Amino acid sequence: MYSEIVMDHFKNPRNVGEIPNADGVGEVGNPVCGDMMNVYIKVEDNRIADIKFKTFGCGAAIAVSSMLTELAKGKTLDEAMKITNKDVAEALGGLPQNKLHCSNLGADALHSAIKNYLDRKSGKLKDLGKDREEHVKSREAEACYCPYCSKQVEEESPFCIFCGTEIHHEHDH
Amino acid sequence: MGVIYLDHLSGTPLHPRVQEAMINHINTVYGNPVSDHQVGQQAAQALEKARSQVAALINADPSEIVFESGGTESVNHAIKGVAIGMREKGRHIITTNIEHKAVLNSLRTLRLLDYTVTSLDVDSYGLVDPAAVEAAITPGTILISIMLANNEIGTLEPIADIAKIAQKHKVVCHTDAVDAVGVIPVDIKTLGVDLLSLAANQFYGPPGVGALYVRKGTRIWPLLDGGMQENKRRAGTENLIGIVGMGVAAEVAKEEMPERLPRIRALRDKLRDGLVARIPEIVINGHPTQCLPHLVSVSIKYIEGESLMLMLDEEGIAVATRSACASGSLRASHVLISTGMDFATAQGTLLFSLGRDNTEAEIDRVLEVMPPIVQTLREMSPLYKKGHTA
């Protein structure tokens with residue numbers, strides 16, 4: 001199901017953990033929909049000097065988090081903002097079609113961490129804790145997305161009305 | 001050590017006696033049971049022998065057994081067949097929120113055809129209340145379809161009570177017994193249902209073959225139209241190789257059940273109790289006593305089921321996950337959510353289903369390997385707080 005690179009990053013994930021006093025924190029996803037990713041960055045001279053992650057999710061979500069941190073480490077903030085979901089999926093040697101959504105989560109978490117850093121630097125944000133709580137809450141209310149084309153779909157919908165792909169809501173036997 | 005297979009609900013390996021019978025059949029029989037010549041009649045004999053063997057497993061008359069292409073077709077036939085057969089009487093069907101997809105999606109199709117469905121809630125064990133079933137019956141109710149054993153949490157529903165209510169109100173009663181037949185004793189006379197679905201690959205027979213028990217006098221339309229096979233109830237040339245395998249599997253299941261049951265139940269108890277003792281913050285799903293004897297459904301907080309399943313697979317342990325397919329977009333198991341479990345916990349669910357070949361050493365291995373894997377994944381999870389570390 002998964003490529004060798006995905007399995008390697010899943011089994012031996014790089015940069016797992018939190019950074020105490022991180023300069024920026026990005027939190028995306030929520031456990032309701034199945035995946036949640038936190039990214040912590042330390043910024044020095046406008047570069048990502050250190051990056052760590054914590055992820056609740058499937059094998060693909062963990063591999064995506066690990067690969068993302070590898071891609072972002074040492075990059076300037078501008079360069080890091082340009083890392084796309086596609087870059088992460090390609091670096092992993094591809095993901096199964098129904099797992100592509102997990103790669104969206106990866107780049108989103110990184111970009112969110114960088115924005116958080118920039119907001120704090122410009123004084124827009126003072127109390128980090130409060131913002132994080134609100135962020136998670138706002139995500140809770142979100143709907144779920146088609147795993148194939150990532151468009152928002154009805155939760156019980158048997159197929160995606162955008163791409164037409166049938167959605168399997170759980171493992172059948 | 002080979003693979004430790006703990007996913008028997010997804011399919012059982014062939015019993016050696018089943019394999020032998022199927023190979024013998026392939027080598028000697030090739031006729032079509034509908035042909036009146038000797039070659040055809042040899043096939044017809046094999047078919048009727050298998051029918052008797054399957055009937056004996058559930059204490060039915062052989063004429064009440066219709067062979068199907070598996071549990072899914074059997075369920076589709078029961079539900080859609082009654083819907084068409086009874087359409088003059090009404091268009092209302094009663095079911096529960098925790099049925100298998102074969103039931104849920106058959107009913108989804110019938111909704112498109114203007115049938116109405118009442119889907120009943122279950123309690124935290126996954127049990128449906130027979131009184132709620134009775135209360136849902138209307139003059140237009142034609143069918144009650146409720147599973148005998150749930151395929152995700154193993155809870156056994158009070159089908160005998162529900163069948164009595166159905167009989168009282170002259171409503172046809174179907175039970176999806178796919179995960180129970182061949183595992184626990186199932187007696188059609190005690191249950192009192194009109195229709196019952198079963199599948200061979202739950203009791204060491206081949207995949208792709210199942211049966212529908214149809215009580216004499218039940219009005220049911222064929223799902224597949226065509227020739228007169230299966231007494232005009234299921235057209236199409238029979239999958240005789242599979243059917244012969246199912247027959248022998250049924251016979252062997254009946255023979256071996258008194259020995260299999262207590263042994264597998266003891267291993268299951270060891271696994272369940274071992275997990276509870278070794279891994280903090282887990283939930284054992286389903287009813288504690290009124291449940292299948294070979295299944296453990298466990299929800300592990302703070303982690304997601306697929307990553308745990310993959311890590312166990314790396315250790316040579318094959319289990320099923322009952323989380324959403326973990327793509328970040330799909331909902332958790334409808335069964336667990338129906339029992340009142342929160343979404344996050346439901347995502348971390350694993351389903352172990354044991355079988356006749358499992359050993360105590362294998363269970364010991366799982367209990368040794370799993371706790372550190374759970375801890376590794378928890379350390380990686382943003383939901384797991386350091387304070388929880390024991």
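Axes are lines fitted to C-alpha atoms, for helices over the stretch in contact, and angles run from 0 to 180 degrees between N-to-C directions. On that basis, the axes of helix 1 (residues 16-28) and helix 9 (residues 240-278) of chain B come within 9 Å and cross at roughly 150°. This is a predicted model. Its scores are ipTM 0.82 and pTM 0.88.

**Confidence**

- Chain A has an average pLDDT of 81, and 71% of its residues score at least 70.
- In chain A, the pLDDT is below 50 over residues 133-142, a stretch with seven contacts in the model beyond near neighbours in sequence.
- Residues 169-173 of chain A also have a pLDDT below 50, and this stretch has 14 contacts beyond near neighbours in sequence.
- Chain B has an average pLDDT of 94, and 96% of its residues score at least 70.
- Within chain B, the pLDDT is below 50 over residues 324-329, and that stretch makes 40 contacts beyond near neighbours in sequence.
- Where pLDDT is low, predicted coordinates should not be read in detail.

**Domains of chain B**

- Domain 1 of chain B puts 20 residues into the contact, and domain 2 of chain B puts in 20 residues.
- On the domain 1 side, strand 10 (295-300) and helix 11 (334-338) of chain B are the elements that give two or more residues.
- Helix 11 of chain B gives the most to that side, with four residues.
- By class, the domain 1 side has eight nonpolar, eleven polar and one charged residues.

**Helix 1 and helix 9 of chain B**

- Angles over 145 degrees count as roughly antiparallel, so helix 1 of chain B is roughly antiparallel to helix 9 of chain B.
- Helix 1 of chain B passes helix 9 of chain B in a right-handed crossing.
- Helix 1 of chain B contributes B:Arg17, B:Val18, B:Ala21, B:Met22, B:His25 and B:Ile26 to the contact.
- Helix 9 of chain B contributes B:Ile241, B:Val244, B:Gly245, B:Val248, B:Ala249 and B:Val252.
- This contact has nine nonpolar, two polar and one charged residues.

**Helix 10 and helix 13 of chain B**

- Helix 10 (residues 305-314) and helix 13 (residues 360-380) of chain B pack at about 135°, with their axes 10 Å apart.
- That angle makes helix 10 of chain B oblique to helix 13 of chain B.
- The crossing of helix 10 of chain B with helix 13 of chain B is right-handed.
- B:Ser307, B:Leu308, B:Met311 and B:Leu312 of helix 10 make the contact with B:Met370, B:Ile373, B:Val374 and B:Leu377 of helix 13.
- Seven of the contact residues are nonpolar, one is polar and none is charged.

**Helix 2 and helix 5 of chain A**

- In chain A, helix 2 (residues 59-72) and helix 5 (residues 100-121) pack at an angle of about 40°, with their axes 9 Å apart.
- Helix 2 of chain A and helix 5 of chain A are therefore oblique to each other.
- Their crossing is right-handed.
- From helix 2 of chain A come A:Ala60, A:Ala61, A:Val64, A:Ser65, A:Leu68 and A:Ala72.
- They meet A:Cys102, A:Ser103, A:Leu105, A:Gly106, A:Ala107 and A:Leu110 in helix 5 of chain A.
- The residues of this contact divide into nine nonpolar, three polar and no charged.

How values were computed
Residues are numbered from 1 along each chain as its sequence is written. Chains are lettered from A and ligands numbered from 1 in the order in which they are written. This is a predicted model: local features need pLDDT of at least 70, side-chain atom pairs count only at pLDDT 80 or more; totals for chains, interfaces and linings use all residues. Two residues are in contact if their C-beta atoms, placed from the backbone, lie within 7 Å. Ala, Val, Leu, Ile, Met, Phe, Trp, Tyr, Cys and Pro count as nonpolar, Asp, Glu, Lys and Arg as charged, and the others, Gly among them, as polar. pLDDT is the predictor's confidence in each residue, from 0 to 100. Angles under 35 degrees count as roughly parallel, over 145 as roughly antiparallel, 65 to 115 as roughly perpendicular and the rest as oblique. A crossing is left-handed if the near helix is turned anticlockwise from the far one by less than a right angle, and right-handed if clockwise.
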